[in-house]
Amino acid sequence: QVQLAESGGGSVQAGGSLRLSCAASGYTFSIYCMGWFRQAPGKEREEVARISSDGTTKYADSVKGRFTISKDNAKNTLYLQMNNLKPEDTAMYYCARRQYAGSCPALTLPFAVGYWGQGTQVTVSS
């Protein structure tokens, strides 16, 4: 069955960096759009970035220029490199697989999540 397992979260000071990983299994990783989402306490879950089967990436404005989404198809692993972290980046971070295989839709269109990981906590102190 499909499984997504995040790791790499932790506590850092503002300006620091973290790299999140998401190990995928149970399906053909390379042909799906994958994404990173986050949810802060009391707020709705929001999308951070997405990467298409062909490697095309899209980012939320709040993280553009600071975060980089990437993937290693040989390792079935999705990454999120987070630099220049800010206290407002504090949240539980989740990886997700789109319901349908193929390229990611435009950011203005819903991601259509098929599967979620369990999440990894990122805490940024000022």
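Trainee: What makes Arg-45 count as lying over the face of Trp-116?

Mentor: Arg-45 is at 4.3 Å from the ring centre of Trp-116. A charge sits over a ring if NZ of Lys or CZ of Arg is within 6 Å of the ring centre and within 35 degrees of the ring normal, so that's the rule at work here. Arg-97 does this too, lying over the face of Tyr-32 at 3.7 Å from the ring centre. Keep in mind that this is a predicted model, where local features need pLDDT of at least 70 and side-chain atom pairs count only at pLDDT 80 or more, while totals for chains, interfaces and linings use all residues. Residues are numbered from 1 along each chain as its sequence is written, and side-chain values use heavy atoms, leaving out hydrogens and water.

Trainee: Okay, rings next. Why is the pair of Phe-37 and Trp-116 called edge-to-face?

Mentor: Rings of Phe, Tyr and Trp (its six-membered ring) pair if their centres lie within 6.5 Å; planes under 30 degrees apart are stacked, over 60 edge-to-face, and the rest tilted. Phe-37 and Trp-116 are 4.9 Å centre to centre with 75 degrees between the planes, hence edge-to-face. Phe-37 lies in strand β4 and Trp-116 in strand β10 (residues 113–116), so the pair ties together parts 79 residues apart in sequence. Strands (E, at least two residues) are DSSP runs, numbered from the N terminus.

Trainee: And what makes Tyr-27 and Phe-29 a tilted pair?

Mentor: Their ring centres are 6.4 Å apart and their planes sit at 50 degrees, so the pair is tilted.

Trainee: How do you know whether Phe-37 is buried or exposed?

Mentor: Buried means under 20% relative accessible area, exposed over 50%, and partly exposed in between (1.4 Å probe, protein chains only). Phe-37 has 8% relative accessibility, so it's buried. Trp-116, at 37%, counts as partly exposed.

Trainee: Why is the contact of Asp-89 and Arg-38 called a salt bridge?

Mentor: A salt bridge is a side-chain nitrogen of Lys or Arg within 4 Å of a carboxyl oxygen of Asp or Glu. Asp-89 and Arg-38 meet at 2.9 Å, N to O, so they qualify. Asp-89 is in the loop between β8 (77–82) and β9 (91–101), and Arg-38 in strand β4 (residues 32–39), 51 residues apart. Asp-89 is buried, at 0% relative accessibility.

Trainee: What other salt bridge does Asp-89 form?

Mentor: Asp-89 also meets Arg-66, at 2.7 Å, N to O. Salt bridges that share partners join Arg-38, Glu-46, Arg-66 and Asp-89 into one network.

Note on methods:
Helices (H or I, at least four residues) and strands (E, at least two) are DSSP runs, numbered from the N terminus.
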